[in-house]
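Biologist: Could you walk me through this one? I would like to start with the surface and then move on to a few details.

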Amino acid sequence: VNNTANAQIFSNAITLGAAQTFTAAAGAMTFAGDIANGGNLLTVAGASNTIVSGILSGAAGLTKNGLGTLTLNGINTIVGAVTANGGVISVDNDSELGDAANDIVFGGGTLQSPASFAMAAGRDISGTGTLDIASGTTLTNSGTVNMAALTLANTGTFEMSGASKTLNSLTFSVASTMTNTGAATVLGGNVAANNASGTVVMAGA
């Protein structure tokens with residue numbers, strides 16, 4: 001836990017012996033060494049930001065709680081769901097999300113993509129959450145999309161190309177674009193524009 005306003009940097013490799021929570025409560029934290037979870041869940045929390053530049057490995061997934069941003073920079077091999085309950089998980093490459101079968105589960109948090117990339121085919125997304133796709137970039141998902149509520153919070157493009165896509169609620173916070181190829185998207189509930197004009201291109205069969 002970092003309760004000080006000073007940034008902390010951890011350079012050594014870390015192996016978890018039990019489920020752990022890394023909390024950037026007041027100051028930022030950077031983990032430069034590799035982190036092996038030993039089959040235990042790693043949770044990152046706190047109002048300040050956390051950077052993990054080493055490799056995350058192990059078989060218990062990753063959870064983000066709290067208001068801060070978690071930036072993943074390593075070519076991670078972690079196995080298990082990546083859960084965004086709060087704040088932001090920022091990645092600019094699919095490998096930073098770990099094993100190609102890891103699903104993204106939203107519990108109110110945000111996935112941020114500063115650069116264009118395509119998610120692995122086995123990477124499904126579900127829950128209630130936000131995509132922050134940088135302007136001029138595209139985030140492509142070819143897995144299953146099953147979102148109770150999705151908010152598009154930046155002007156980039158979200159491209160869905162998988163075989164099963166369900167959006168029960170879609171909100172445009174800014175002038176975003178969502179495109180669909182492949183199977184048709186089931187869009188139920190509400191489509192809302194919060195002072196923005198979003199674009200939806202429905203080209204599915």
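Modeller: The protein chain exposes about 8,200 Å², and carbon and sulfur atoms supply 52% of that area. Please keep in mind that this is a predicted model.

Biologist: And what share of the 205 residues counts as buried?

Modeller: Of the 205 residues in the protein chain, 43% count as buried.

Biologist: How many helices and strands are there in the chain?

Modeller: The secondary structure of the protein chain comes to zero helices and 22 strands. As for contacts between residues at least 6 apart in sequence, 11% of them join residues that are at least 24 apart.

Biologist: What order do the strands have in the open sheet of three?

Modeller: The order in that open sheet is β2-β5-β8, and the pairing is parallel. Because β2 (14-15) and β8 (56-57) stand at the edges with a single partner strand each, one side of each is left without a neighbour in the sheet.

Biologist: Over how many bridges do β2 and β5 pair?

Modeller: Strand β5, residues 35-36, pairs with β2 over two bridges in the parallel sense, and Thr15 stands opposite Ala36 in β5.

Biologist: Switching topic, is Thr50 buried or exposed?

Modeller: Thr50, which lies in strand β7 (residues 50-52), has a relative accessibility of 2%, so Thr50 counts as buried. Leaving aside neighbours within four places in sequence, Thr50 is in contact with Ala24, Met29, Phe31, Val44, Thr69, Leu70 and Thr71.

Biologist: Then what about Thr83, which residues does it touch?

Modeller: Not counting residues up to four places away in sequence, Thr83 touches Leu62, Thr63, Lys64, Ile89 and Val105. Thr83 has its place in strand β11 (residues 82-84), and since the cut-off for buried is under 20% relative accessible area, Thr83 counts as buried at 15%.

Biologist: Last topic, charges: how many salt bridges does the count come to?

Modeller: The count comes to one salt bridge, formed by Asp94 with Arg123, whose closest N and O atoms are 2.8 Å apart. The pair links distant parts of the chain, 29 residues apart, with Asp94 in the loop between β12 (88-90) and β13 (104-113) and Arg123 in the loop between β14 (117-118) and β15 (125-133).

Biologist: Are Asp94 and Arg123 buried or exposed?

Modeller: Asp94 is buried, and Arg123 is buried as well.

Methods: Residues numbered from 1 in each chain as written. Predicted model: local features only at pLDDT ≥ 70, side-chain atom pairs only at ≥ 80, totals over all residues. Heavy atoms only, no water. Pairing = 2+ DSSP bridges. Helix = DSSP H or I, 4+ residues; strand = E, 2+ residues; numbered from the N terminus. Buried < 20%, exposed > 50% of the residue type's maximum accessible area, 1.4 Å probe, protein only. Contact = heavy atoms within 4.5 Å. Areas by Shrake-Rupley, 256 points an atom, 1.4 Å probe, with all protein chains shown as cover. Salt bridge = Lys/Arg side-chain N within 4 Å of Asp/Glu carboxyl O.
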